[in-house]
Amino acid sequence: MRPSLRLGVREKNAEALHAIHISCGEDIFPFIRGIDTAKAAWNTLEKKLKPAGVRLPKREVISIKSSVKRGEGPSLTKDNKGDVPTEANGKGKPTPKPHAVSGDVHPEEDGKGKPTHAPHTIVDVSTYQVDKDKKSGVVRSDYFKSCCWIWNVPAMFQGSIIEYFCKIFGISRIYEMKVNHFRVHEILVYMCKVLTTEMKKELWEDNKQTEFVEAAMFQAAERGLVEFLIEILKVNPYLAKIKNKKGQNLFQVAVECRQAEVFNLIHGFNQDNRKACMSMKDVDDNNMLHMMGISSPSSQTNRIRGAALQMQNELQWFKELERMASPEDLEAENDTLDMTPREFFSKNHTELVKEGEKSMKDTATSCTVVGALIVTMMFAAAFTLPTPLEDNSTPPLLYRRAFRVFIIADAISLFTSTTSVVLFLGILTSRYAEDDFLISLPQKMILGLLTLFLSVAAMVIVFASALFIILPSDTWIALPTTLLAGIPIASFIWMQFPFLVEIFYSTYIRRLFDKKVHVKLNVGKLVR
């Protein structure tokens, strides 16, 4: 058997085994857990689940026929006489051969010498040997045994140890979630067939069915199940126009619940329908921008660290909707409070602005104290140069490199800490308007934390270089002390660095809205 064929056997075995796995339920899968071949898994399921008294149809079996003249591997032919495949030996007498895994084989020759392609077969390469006789010129080799030993190596590592590590690292849970997701998606595709435009009239005659479908779609919009909505809108785009009891459409519900992926489906409309959808109002005369005035649910705010970043997220939403809305929508007033969208937004986010201001000031105050201490120490160290403890010791040239490191690190620490103090003072004296939480305050916080981290790191380098200058011959004391000096910087970065990364990601990298069209919503002309 050629190497390419052996690779094909393993690929087909993996595909067949995967197909068996995803077809088994949670109560059936434990029967075949740990089995590495599709045939063994199939036989196990056949033995466990075969009803009593039922005889399964006889399988088509392929026999093995050696091509001794060409010196090639086995070629296969059908054997309809029994369940055991046979191999033709040198004298033409059939000898029984056990079965094995499925795979593709190369062409065989029929009685007339013409090559014929063997079908998808069942072969046992683990027990096959090609006989070699010096007189007959036939090759005897344990090549196939060695190959099958290599193929069976993964089976040695399957067991309780692998399952234990899979559970620890969450691989088993991820696999189960993926399998469940795949099954649910397949079920959803079949369910959506009854929602096609042709069958809509039959379905809509039953009010209960109508309410059930609409309730499911609004619940998906609230929870951000965008795949569910995409599959439904693919078969019936007209369902994008449904409204709930409050007079809200799917996109207004998505804005109220801050589900950006669901809201991005609005780009499936053409430009006119998109503007019309933005102008639609509910029973309280609230348009899409008024929905942003409603405070976001706790399930969304709890995912964001700190009130300042929560306010930044709200402003990012409002700015995007403001850009998409028409000038009339920006000045529209609702019926309940007679407020424009901006006034309604400011009124309902007053408390969040105060909380964001408090969190920003607390962080800036703490970091200002740390920065001021570093400035004081580095300024004093610049005028208090360290010298070796030994009298008449080695010349200054031998520790000139450490002295240069000391001076450079001291200057870097002094300048960066001074910069961080100035930036944090700018945060403390800010006016804390709503728009300041979008770019201005996060930008100052990012630069302040970054310069503070650099100043702390440079301060540790100053301390380490001073030790090497004072103790040039006692490195066994300087090295452990330097390592201990790294503990404060490590702990400070461990506590504050995630906050810096989150602010940077939220300000410069994260993009809530995607204009990619996932499904085209051709629903005619929308009425405002």
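**View 1. Cys367 and Cys24, two buried cysteines.** Cys367 has a relative accessibility of 5%, so it counts as buried (buried means under 20% relative accessible area, exposed over 50% and partly exposed in between, with a 1.4 Å probe and protein chains only). Cys24 is buried too, at 7%. There are zero disulfides in the structure (a disulfide being a pair of cysteine sulfur atoms within 2.5 Å). Keep in mind that this is a predicted model, where local features need pLDDT of at least 70, side-chain atom pairs count only at pLDDT 80 or more, and totals for chains, interfaces and linings use all residues. Residues are numbered from 1 along each chain as its sequence is written, and side-chain values use heavy atoms, with hydrogens and water left out.

**View 2. The protein chain as a whole.** Here we step back to 21 helices and eight strands (DSSP runs numbered from the N terminus: H or I of at least four residues for helices, E of at least two for strands). The chain has 528 residues, and 40% of them count as buried. Take the contacts with a separation of 6 or more: 67% of them join residues 24 or more positions apart (contact means heavy atoms within 4.5 Å).

**View 3. The largest nonpolar core.** This core has 87 residues, and Met217, Phe251, Phe263, Ile266, Phe269 and Met288 have the most contacts inside it (a nonpolar core is a set of buried Ala, Val, Leu, Ile, Met, Phe, Trp, Tyr and Cys residues joined through side-chain atoms within 4.5 Å). Helix H20, residues 440-470, gives the most to this core, with 11 residues. Another core lies apart from it, with nine residues that include Leu17, Cys24, Phe29 and Ile32. Zoom in on Phe251: leaving out residues up to four places away in sequence, its partners include Ala240, Val262, Cys277 and Leu521.

**View 4. Asn249 in its loop.** Asn249 sits in the loop between helix H9 (226-235) and helix H10 (250-256). With 2% relative accessibility, Asn249 counts as buried. Beyond its neighbours within four places in sequence, Asn249 is in contact with Phe218, Ile242, Lys243, Cys277 and Met280. Met288 is 39 residues away along the chain, and its C-alpha atom is 9.7 Å from that of Asn249.

**View 5. Helix H15 beside H17.** The axes of H15 (residues 307-324) and H17 (residues 341-348) come within 12 Å and cross at roughly 170° (axes are lines fitted to C-alpha atoms, for helices over the stretch in contact, and angles run from 0 to 180 degrees between N-to-C directions). The two helices are therefore roughly antiparallel (over 145 degrees; under 35 is roughly parallel, 65 to 115 roughly perpendicular and the rest oblique). H15 brings Met311, Glu314, Leu315, Phe318 and Lys319 to the contact, and H17 brings Pro341, Arg342 and Phe345. That makes five nonpolar, no polar and three charged residues (Ala, Val, Leu, Ile, Met, Phe, Trp, Tyr, Cys and Pro count as nonpolar, Asp, Glu, Lys and Arg as charged, and the others, Gly among them, as polar).

**View 6. Helix H15 beside H21.** H15 also packs with H21 (residues 475-509), at an angle of about 10° and with the axes 11 Å apart. H15 is thus roughly parallel to H21. Leu309, Gln312 and Gln316 of H15 meet Phe499, Glu502, Ile503, Ser506 and Thr507 of H21. This contact divides into three nonpolar, four polar and one charged residue.
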